[in-house]
Amino acid sequence: MAPTTTTTMAPTTTTMEETTIAKCDANYGVVCDDKDHLIEHIEHISHASDCQAICQNHAECNFWSHYAEEGHEHWGHCLIYTDCRETTDHECFDEGTHECPPQPPFIFQSTGKENEPRPGPGKKCYCVSGGNSPDLDECDDGTTTNDPSCSDEFYPGWLCNEEENLIGEIEGISDPSDCQAICQNHDDCEFFNYYVEGHDKGFCQLHSSCSNFVEHEWCREHEGEHQCFAGPKYPDLDDCSYPELF
């Protein structure tokens, strides 16, 4: 018989290359203060990422700033620069202050008034500045976590202040989640208010939309609970879910 030949295969190791997401190059609460390097000032720009996209479209642009004007119109401003030697937080106010009510998800939606004269210069809300890369829509802004919380979508301590969009009000509601459930049950409801007066059960208001918020004098915490609460129809307060689409 012919001798038996044994072949030993050397083990192979496959190394998976780890990929990381680049950190965003954005500074919140400041705008560029360098008029000598200003390329253009564009109005009606809703989002900081749109402002960055304009900068990316100009070969000479290396820096941009974006902010919304004080007040309930929240006019968006985008300024692009060849360079920026200095930034400033002058007149930049934080979200949730009296000057800058919380931003609803659709705060810059079209109102049909875009061609009207804009308000005069005022305080700035939601200031942010940065470079032309990495892309804001793809970079890591430090807020990505495994926490399923959707609390950023809601506004404790504030109420929608648009009576013209009010479509209904119900008394005797015990908590914001029940108020949202009523909103979810009405096709024309997109936003809700919940508030408590005294120690009684609360009031639930349904709105078709909302872009104007106010902090009423009774919107204070009582025994650790907010007396006022506003938010959208979805995500669901109880589990942060959205309706399934078929």
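I looked up Cys150 first: it counts as buried, at 12% relative accessibility. By the cut-offs I used, buried is under 20% relative accessible area, exposed is over 50%, and partly exposed is in between (1.4 Å probe, protein chains only). Cys240 counts as partly exposed, at 22% relative accessibility.

I note that this is a predicted model, where local features need pLDDT of at least 70, side-chain atom pairs count only at pLDDT 80 or more, and totals for chains, interfaces and linings use all residues. Residues are numbered from 1 along each chain as its sequence is written, and side-chain values use heavy atoms, with hydrogens and water left out.

I then checked the link between these cysteines. The sulfur atoms of Cys150 and Cys240 are 2.2 Å apart and form a disulfide (a pair of cysteine sulfur atoms within 2.5 Å). The link of Cys150 and Cys240 is left-handed, with -85 degrees about the S-S bond.

My next entry is Cys160 and Cys210, which a disulfide joins at 2.2 Å from S to S. This link of Cys160 and Cys210 is right-handed, with 115 degrees about the S-S bond. Both Cys160 and Cys210 are buried.

I also found a disulfide between Cys183 and Cys189, with sulfur atoms 2.1 Å apart. Its torsion about the S-S bond is about -100 degrees, so the disulfide of Cys183 and Cys189 is left-handed. Cys183 is buried at 0% relative accessible area, and Cys189 is buried at 0%.

My search of the whole structure gave 8 disulfides.
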